[in-house]
Amino acid sequence: MWSVDEHLADILRHIRPLEPLELQLLDAQGCVLVEDVTAAVALPPFDNSSMDGYAVRSADVADATGESPAVLTVIGDIAAGSGRLPTIRPGEAARIMTGAPLPPGADTVVPVEWTDGGSGGGPATAMTAHSAAPEGAAGDVRVYRPAEAGAHIRSRGGDVSAGAPVLSAGTLIGPAQIGLLAAIGRATVRVRPRPRVVVMSTGSELVPPGAPLGPGQIHDSNSFALTAAARDAGAIAYRVTAVADDAASLRSAVEDQLLRADLVVTSGGVSVGAYDVVKEAFSGSAPATGDRPAEPGAASGAEPAPGGPAPGGSGETDKTDKTGETGETAEGDGTPAAAAPPGPGRVDFRKLAMQPGKPQGFGRIGPDRTPLLALPGNPVSAYVSFELFVRPAIRALMGFAPDGRETVRAICPDGIASSPGGKRQFLRGRYADGLVTPVGGPGSHLVKALADADALIVVPEDTTSVPPGGEVEAILLR
């Protein structure tokens with residue numbers, strides 16, 4: 001058998017990050033930055049007001065009180081975006097709005113609530129709209145409190161100075177990063193694209209949710225769960241309608257999807273049954289199931305010559321979606337006519353020392369040697385396998401370190417009665433405040449327990465039980 005670590009290492013050594021692209025800002029969301037970014041302009045680009053109020057000279061309001069307000073002459077309005085600014089001289093003020101540039105001569109801003117707003121009455125609560133009362137831009141204003149120099153002013157470069165670094169290579173681009181890039185004037189950015197992951201279930205018994213169940217049929221849940229998991233990991237995921245247990249149909253279905261795939265994920269058909277269609281379709285001349293190559297991963301396909309194309313994810317950026325669809329939930333029909341296997345390469349099928357998820361497959365297929373991860377069909381086995389092998393592969397394609405989930409040590413109050421010796425067991429659990437409790441049993445069909453879990457409890461190969469109150473490793477699924 002292969003260990004979990006050996007199988008993962010073999011997958012990752014055949015995968016390289018995708019080639020970078022220059023993308024528009026909104027298209028770069030969810031992608032990984034491959035360049036260091038510096039600010040071409042300062043933020044803010046000029047001194048501006050952080051309040052609605054009056055731009056004044058601090059010396060003119062230094063002695064202002066409620067009983068003895070400073071009375072200033074209002075010489076105009078300064079709105080956000082104003083280009084021509086009045087100069088504030090002694091005894092003068094200009095009404096200024098939040099974000100508007102500070103005019104020459106002024107060194108502070110008095111909030112409107114500290115004034116009478118030009119009404120001649122008591123303290124104001126707001127300014128009257130200019131369109132309704134244009135006279136507010138003239139006349140006198142009474143200031144009831146002093147304001148120190150620099151008060152309520154956002155200084156030029158107070159956030160970022162021109163030429164300063166703002167984002168480093170390796171940053172995941174999210175809404176805040178897009179906002180920053182836009183603020184410094186960047187319209188495009190160089191990133192690694194989100195990997196395109198094609199997900200398909202296999203099995204003649206599978207029907208889509210919403211369709212009635214016939215005798216012996218079940219709803220296809222794996223393709224939905226795995227597609228959602230791929231999206232959660234940062235990929236653009238395409239779900240393909242379940243493929244029946246026919247090797248030629250599966251080969252054609254996969255071949256049809258390779259044009260839009262950086263990674264293919266299948267579920268089902270990898271064990272030792274007579275209808276394990278994934279193994280039948282892609283074993284090729286691979287060793288018999290469970291036979292381990294002399295060098296781990298050597299049978300996954302020849303390494304490229306030095307300087308040649310990177311193995312694994314092709315990094316090609318000119319692939320097109322032959323269906324013409326750009327949405328992330330496009331589906332193929334899953335039942336094309338028989339065809340030859342999709343180009344060079346094959347999938348190796350292995351037995352892993354783990355529970356659940358013992359049968360696994362990995363290889364590279366098609367002209368671009370697209371990685372294919374073949375997962376077992378039981379829902380819990382498929383999901384656990386995704387977390388252990390597919391999520392790290394997606395992160396590797398994005399240029400991230402593969403260990404994306406937080407792992408913690410936790411106390412298991414109830415303990416674990418038994419775990420198979422020689423296998424690494426992954427139990428579903430609930431984690432909170434340093435404690436983790438198993439959810440459901442070890443059965444690989446218990447989807448309700450999987451939905452209730454937010455952690456995987458890891459029991460090592462050399463551990464056959466955990467006493468109540470014992471410490472375990474937990475992988476947090478959040």
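This tour moves through the structure one selection at a time.

The model is predicted, so local features need pLDDT of at least 70 and side-chain atom pairs count only at pLDDT 80 or more, while totals for chains, interfaces and linings use all residues. Residues are numbered from 1 along each chain as its sequence is written, and side-chain values use heavy atoms, with hydrogens and water left out.

**Helix α3**

Select residues 222-232, helix α3. Helices (H or I, at least four residues) and strands (E, at least two) are DSSP runs, numbered from the N terminus. The buried residues of α3 are N222, S223, L226, T227, A229 and A230; buried means under 20% relative accessible area, exposed over 50% and partly exposed in between, with a 1.4 Å probe and protein chains only. Viewed down the axis of α3, these buried residues fall within an arc of 160°, so they line one face of the helix; the arc is that of the directions from the helix axis to the C-beta atoms. Next, display what covers this face: the cover includes β13 (196-202), β16 (236-243), β17 (263-267), β21 (370-375) and α6 (379-398). Just after α3, G234 takes a positive phi of about 110°.

**S201**

Move to S201 in strand β13. S201 counts as buried because its relative accessibility is 1%. Its side chain makes a polar contact with the side chain of D220 at 3.0 Å and reaches the backbone nitrogen of S223 at 3.1 Å. A polar contact is a pair of N or O atoms within 3.5 Å; within protein, one must be able to donate a hydrogen and the other to accept it, and residues adjacent in sequence count only if both atoms are side-chain atoms. Leaving aside neighbours within four places in sequence, the residues in contact with S201 (heavy atoms within 4.5 Å) include L206, N222, A242 and S267.

**The nonpolar cores**

Colour the largest nonpolar core, which has 40 residues; L263, F386 and I394 have the most contacts inside it. Such a core is a set of buried Ala, Val, Leu, Ile, Met, Phe, Trp, Tyr and Cys residues joined through side-chain atoms within 4.5 Å. Helix α6 gives the most to this core, with 13 residues. Centre on F386: not counting residues up to four places away in sequence, F386 touches L226, A229, A230, A233, L375, R391, P392 and I394. A second, separate core of 22 residues includes V198, M200, V254 and A374.

**The five-stranded sheet**

Now select the open, mixed sheet of five strands in the order β8-β5-β7-β6-β9. Two strands pair if DSSP finds at least two bridges between them. The edge strands, β8 (108-111) and β9 (140-143), each pair on one side only. Within the sheet, zoom in on β7 (residues 92-96), where five of five residues are buried. E92, A94 and I96 point one way from β7, and A93 and R95 the other way. Strand β5 (residues 53-56) runs antiparallel to β7 and is joined to it by three bridges, with A55 the bridge partner of A94. On β6, four bridges pair the strand with β7 in the parallel sense, and V74 partners A93. Strand β6 (residues 70-78) also pairs with β9, antiparallel and over four bridges; there A70 is the bridge partner of V143.

**Strands β18 and β20**

Finish at β18 (residues 347-351), where four of five residues are buried. Five bridges join β18 to the antiparallel strand β20 (residues 359-365), and V347 has G363 as its bridge partner.
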